[in-house]
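Dear colleague,

Please find below the structure I am handing over to you.

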Amino acid sequence: MQGFNKYYPPDFDPQKHGSLNSYRGKHALGDRARKLDQGILIVRFELPFNIWCGTCNNHIGMGVRYNAEKKKIGNYYSTPIYSFRCKCHLCDGWFEIQTDPKNTRYVVVSGARQKDEEWDPAENGGFAVHETDPNQGPVDPLAALEKSTEAQNYMNNVQIPRIEALQNLSDHYSSDPYSHSLRVRKRFREQKKVDKAREEADEQIKSTYGLPETLALTAEDEESKAKAKEEWERARQSLEERESAKRRRIGAEVPIIPRTSSSRLSARAAPAKASGSSGGDAVSALRAKILGNTARQSSSLAGPGRAKPPDINLKGLRGLVKKA
Ligand SMILES: [Zn+2]
């Protein structure tokens with residue numbers, strides 16, 4: 001048993017023993033190193049695939065672990081090849097498995113049979129990554145030539161034209177940056193002028209009609225103009241209807257007013273009448289004056305000055321239209 005703790009016995013001499021392990025005559029790896037003089041180290045080894053034991057013919061599943069004797073048996077280039085020798089747990093037989101660095105896998109060397117469950121990409125519609133089949137014959141030179149000819153054709157017919165087109169495009173866009181910049185800036189200046197003029201016109205409309213600063217006016221085009229005109233026509237029509245209704249009402253009330261007012265006035269003016277004054281004449285004169293005023297007002301409201309919409313109204317309305 002190697003020393004696990006740091007107890008140093010009284011007769012321990014560092015000059016003589018060097019370490020606790022050597023003092024006890026044990027290897028640092030303990031019992032696993034008992035065959036180290038043969039180049040064998042005992043390691044825990046897990047079966048990488050299913051096998052059948054060659055001695056007892058039992059199936060041993062992938063993942064079963066053994067205390068295997070690991071030994072270096074050679075090299076593939078600079079990569080060591082290890083062999084693992086395990087004793088079957090169902091019988092006394094031994095089997096040996098080696099690493100295969102060339103194919104990055106394990107192979108059963110003796111004492112067992114491997115169950116063949118390797119994933120074969122070529123069998124499943126893919127391509128083998130490693131061309132390591134030792135029985136593969138020499139490459140067919142005609143097939144290789146055909147392959148390279150196809151590649152050449154593809155490059156000539158597809159890749160080179162595409163690259164040339166891209167190159168032309170790139171040249172077209174980046175050969176003369178000065179003129180491009182000039183053109184872009186000119187366009188920008190013109191657009192800026194238009195925008196500024198429009199902004200000023202909008203500001204004027206807003207200040208004229210007392211519209212809020214943040215109100216966005218729509219751009220003036222045929223559609224919005226027509227819409228605004230339509231809206232204006234509708235408003236004018238409804239105004240006219242209201243006015244004519246008012247006029248009709250007043251006209252209908254005319255015969256009522258004298259009766260009620262005269263009866264009221266006559267009742268109130270009875271003493272004056274009785275006194276023999278000309279009160280009835282004064283009342284009728286007042287009524288005539290009021291009616292005359294009303295008629296004048298309504299005629300001026302529906303006058304010829306409002307028959308045609310002023311041009312500025314259109315612009316004022318378009319903001320309202322957009323808001324709605
Ligand atoms: Zn066995």
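**Sheets and a helix**

In this predicted model, three strands form an open sheet with antiparallel pairing, in the order β3-β2-β8. Its edges are β3, covering residues 59–60, and β8, covering residues 112–114, each of which pairs on one side only. Strand β2, residues 51–53, is joined to β3 by two bridges in the antiparallel sense. Within the strands, Trp52 stands opposite His59 of β3.

There is also an open sheet of five strands, again with antiparallel pairing, and its order is β1-β4-β5-β6-β7. Here the edge strands are β1 (40–46) and β7 (105–110), each pairing on one side only. On average, neighbouring strands of this sheet are turned by 35° against each other, direction ignored. Inside the sheet, strand β5 (residues 79–87) pairs with strand β6 (residues 94–100) in the antiparallel sense, over five bridges. Arg85 is found opposite Glu96 in β6.

Turning to the helix, α3 runs through residues 141–174 and has 34 residues. From its first C-alpha to its last, α3 reaches 46 Å, which is close to the 50 Å expected at 1.5 Å a residue. The helix α3 also bends, by about 40°, at Met155.

Is α3 largely buried or in the open? A residue is counted as buried if 20 or more other C-beta atoms lie within 10 Å of its own. Of the 34 residues of α3, the number buried is zero, so the helix lies largely in the open.

With kind regards

Conventions:
Residues are numbered from 1 along each chain as its sequence is written. This is a predicted model: local features need pLDDT of at least 70, side-chain atom pairs count only at pLDDT 80 or more; totals for chains, interfaces and linings use all residues. Two strands pair if DSSP finds at least two bridges between them. Helices (H or I, at least four residues) and strands (E, at least two) are DSSP runs, numbered from the N terminus. Axes are lines fitted to C-alpha atoms, for helices over the stretch in contact, and angles run from 0 to 180 degrees between N-to-C directions. The expected span of a helix is 1.5 Å times one less than its number of residues. The bend at a residue is the angle between axes fitted to the seven residues ending there and the seven starting there. A residue is buried if 20 or more other C-beta atoms lie within 10 Å of its own, exposed if 12 or fewer, and partly exposed in between; C-beta atoms are placed from the backbone.
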